[in-house]
Amino acid sequence: MTILHRILGITVFGASLALAQEPSLTYKEHIFPIIEKHCLRCHLEENDNPSGLAMDSFELLMKGGKNGNTVVPGKPEESILYRKLLSDPPFGKQMPRNRKKLSAEEIGLIFEWIRQGARKE
Ligand code: HEC
């Protein structure tokens, strides 16, 4: 089931990527808007999130949370940021916590951004 979700997410994203002819994804252009919309209210530095993860900036995101490996550039399957978006996260709850999960396209964007090396801009 999970594998299928992942494949679906990637396929949906792959199709839209091909259409948009956008070769590379950046934190600034593609990822921060998703974080701002769905995650930031709970993951601001000033909130003291129990996970230790603040996402106010690229630097804080890359510094990561208390469980480490938040973003492992080139390796989305090892990145907690991606795995916490799936229905079977390695610990705790699926993110965004207690809210509607992200769309397959948004999850696909995060997967693909990490796979491409997690560039800032
Ligand atoms: C309603 C508040 C809330 C929202 C919204 C939210 N989170 Fe979280 N997040 C938490 C809490 C609380 C924890 C700690 C408990 C857990 O891991 O389930 C956490 C933990 C995490 C962790 C684990 C970090 C670590 O090292 O322990 C990651 C990664 C994460 N969130 C990513 C996200 C992402 C990405 C989004 C947006 C798509 C998001 N969160 C939205 C509250 C939230």
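Predicted model: local features only at pLDDT ≥ 70, side-chain atom pairs only at ≥ 80, totals over all residues.
**Figure 1. The protein chain as a whole, a chain of 5 helices and 0 strands.** Read from the N terminus, the elements follow the order α-α-α-α-α. The chain has 121 residues, and 25% of them are buried. Take the contacts between residues at least 6 apart in sequence. Of these, 56% join residues at least 24 apart.

**Figure 2. Helix α2 packed with helix α5.** Two numbers describe a pair of packed helices: the angle between their axes and the distance between the axes. How do α2 and α5 score on these? Helix α2 covers residues 27–38, and helix α5 covers residues 104–115. Their angle is about 135°, and their axes lie 10 Å apart. That angle makes α2 oblique to α5. The crossing of α2 with α5 is left-handed.

**Figure 3. The residues that meet between α2 and α5.** From α2 come His30, Ile31 and Ile34. From α5 come Glu106, Leu109, Ile110 and Trp113. Sorted by class, this contact has 5 nonpolar, 1 polar and 1 charged residues.

**Figure 4. Histidine 30, a residue of helix α2.** Is histidine 30 buried, exposed or partly exposed? Histidine 30 has 17 C-beta neighbours inside 10 Å, so it counts as partly exposed. A residue needs 20 or more such neighbours to be buried. Leaving aside neighbours within four places in sequence, histidine 30 is in contact with Leu25, Leu109 and Trp113. Now compare sequence with space for another pair. Histidine 30 and isoleucine 110 are 80 residues apart along the chain. Their C-alpha atoms are separated by 8.5 Å.

**Figure 5. Tyrosine 27 in helix α2.** Tyrosine 27 counts as partly exposed, because it has 18 C-beta neighbours inside 10 Å. Which residues does tyrosine 27 contact, leaving aside its neighbours within four places in sequence? They are Phe32, Phe58, Arg119, Lys120 and Glu121. Serine 57 is 30 residues away from tyrosine 27 along the chain. The C-alpha atoms of these two residues are separated by 9.6 Å.

**Figure 6. Threonine 26, in the loop between α1 and α2.** Helix α1 spans residues 2–20. Threonine 26 has 15 C-beta neighbours inside 10 Å and therefore counts as partly exposed. Which residues does threonine 26 touch, not counting those up to four places away in sequence? They are Arg119, Lys120 and Glu121. Threonine 26 and glutamate 121 are 95 residues apart in sequence. In space, they are 4.9 Å apart, C-alpha to C-alpha.

**Figure 7. Asparagine 69, in the loop between α3 and α4.** Helix α3 runs over residues 58–63. Asparagine 69 has a phi near 50°. This value is positive, and the residue is not a glycine. Asparagine 69 counts as partly exposed, because 14 C-beta neighbours lie inside 10 Å.

**Figure 8. The cis peptide bond from methionine 95 to proline 96.** What is the omega of this bond near? Its omega is near -5°. Proline 96 sits in the loop between α4 and α5.

**Figure 9. Serine 103, in the loop between α4 and α5.** Helix α4 spans residues 80–83. Serine 103 has 13 C-beta neighbours inside 10 Å, so it counts as partly exposed. The cut-off for exposed is 12 or fewer. Serine 103 is 18 residues from leucine 85 in sequence. Their C-alpha atoms are 9.9 Å apart in space.

**Figure 10. Alanine 118, in the segment after α5.** Alanine 118 has a positive phi of about 55°, although it is not a glycine. Is alanine 118 buried or exposed? It is buried, because 23 other C-beta atoms lie within 10 Å.

Terms used
Residues numbered from 1 in each chain as written. Axes fitted to C-alpha atoms, helices over the stretch in contact; angles between N-to-C directions. Helix = DSSP H or I, 4+ residues; strand = E, 2+ residues; numbered from the N terminus. Parallel < 35°, antiparallel > 145°, perpendicular 65-115°, else oblique. Left-handed = near helix turned anticlockwise from the far one by under 90°. Contact = placed C-beta atoms within 7 Å. Nonpolar A, V, L, I, M, F, W, Y, C, P; charged D, E, K, R; others polar.
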